[in-house]
Amino acid sequence: MQIPGHIDPVTTGTVPLRGGNRIDLVGLTREGIRAALEEAGLDAKAAKLRAKQIWHWIYHRGVTEFDAMTDIAKTMRPWLTERFIVGRPTVVTAQVSNDGTRKWLLAAADGQEYEMVFIPDADRGTLCVSSQVGCTLNCRFCHTGTMRLVRNLGAGEIVGQVLLARDALGEWPKGTMAGGAEDEEDDAGHYTADGRMLTNIVMMGMGEPLYNFDEVKSALKIVMDGDGLALSKRRITLSTSGVVPMMARAGEEIGVNLAVSLHAVSKEIRDEIVPLNRKYGIEELLAACAAYPGANNARRITFEYVMLKDKNDGDADARELVRLLKQYRLPAKVNLIPFNPWPGAPYECSPPERVRAFSNLIFEAGISAPIRTPRGRDIMAACGQLKSAATKPTRAELDRIAEEKQAALG
């Protein structure tokens, strides 16, 4: 069956993971690469040098083949190729929306599928990255929440999404290394990093990042490393539905911007649409936000609020939201998200005039409340629409999945 939306013609960088006994170096730290080389037979000094070189080629140059690593001796390259790979997720489908949004359905080495989305704007380009296959949670407005959790993504699979996006956008540095090549015939020259399209990352794809903390942390440390992808922590946002015990650790150990999927201001409504609220309530969540390391007026916490018709969109809801944010003295921005429909969704989007009225009440209280423009709806790439299998569950099936997840969470 034809996939709706334009098919992305870009094929560069969609290198399937090649299995066998070879070790994938993507996602390993420098020390991890060094240890893998040493275990494979290199002496400690050579392993340290080669690890530094390989790290540069993987994360600064986007190279996937050892034969292209021109400052490594030709005699060494076949040895590396026999033992290691520089992997990428397999691209199952790649679509481009009418508004320029791109969505990739990716497959891991074990065949499990997950999605990522790139959203271009005039002044930035944002990559929405997944952290799980499926999702631990069961937020009722979210398409991903209707899926069972299959497994966590590894650090390499998370970083691999960023590498693959750079491949597809064609924005790795061009040219050759300036000197230092061990092969006389290698051209000496200069390379420069072209203007970036991918400027920001949001951990808002499939899954709850704080339920895969260690792998997400490892991946983001690689993304932020100044000798590689070098994306500033101020340009990375981690979104959580409110896993309170992990929020302080995220601030201390990762240090990126925080977004919180709030979506309601009363226990009754939030229990329904974000059932994690039954475990970590609104007050507990907001207290954790107030204590989030590094949050200030220059680095505000973003509160995501999906607008659901006759559910959470009244004037009283807006005023209560303002009251709560001020009570906890939160440096906050409220992102109002018009609900993006999906097959079988139990909610409708609030009318545009209701969304504007809600936004105005928050702005009048001195809190920023922009209305997010839906992007990629025509290819099911908008917020809350990601899902790797296009099924239409019944209401009974949704309830059963939700009950199973809630029981697992305790």
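**Close-up 1. Aromatic pairing.** Rings of Phe, Tyr and Trp (its six-membered ring) pair if their centres lie within 6.5 Å; planes under 30 degrees apart count as stacked, over 60 as edge-to-face and the rest as tilted. The structure, a predicted model, holds three such aromatic pairs. One of them joins Trp79 and Phe84. The pair is tilted, at 6.3 Å centre to centre and 55° between the planes. Phe84 is buried (under 20% relative accessible area; exposed is over 50%, partly exposed in between; 1.4 Å probe, protein chains only), with a relative accessible area of 2%.

**Basis of all views.** In this predicted model local features need pLDDT of at least 70 and side-chain atom pairs count only at pLDDT 80 or more, while totals for chains, interfaces and linings use all residues. Residues are numbered from 1 along each chain as its sequence is written, and side-chain values use heavy atoms, with hydrogens and water left out.

**Close-up 2. Arginines over tryptophan rings.** A charge sits over a ring if NZ of Lys or CZ of Arg is within 6 Å of the ring centre and within 35 degrees of the ring normal. Arg30 lies over the face of Trp55, 4.4 Å from the ring centre. Arg166 lies over the face of Trp172, at 5.0 Å.

Close-up 3. Helices (H or I, at least four residues) and strands (E, at least two) are DSSP runs, numbered from the N terminus. Leaving aside neighbours within four places in sequence, Leu127 has contacts that include Trp104, Phe118, Val162 and Ile201. Contact means heavy atoms within 4.5 Å.

**Close-up 4. Strand S5 and its two partners.** Six of the six residues in S5 (residues 102-107) are buried. Arg102, Trp104 and Leu106 point one way; Lys103, Leu105 and Ala107 point the other way. Strands pair if DSSP finds at least two bridges between them. S4 (residues 90-96) runs antiparallel to S5, joined by six bridges. Gln95 stands opposite Lys103. S6 (residues 113-120) also pairs with S5 in the antiparallel sense, over six bridges. Here Arg102 stands opposite Phe118. Gly100, in the S4–S5 hairpin turn, has a positive phi of about 95°. Gly111, in the S5–S6 turn, has a positive phi of about 90°.
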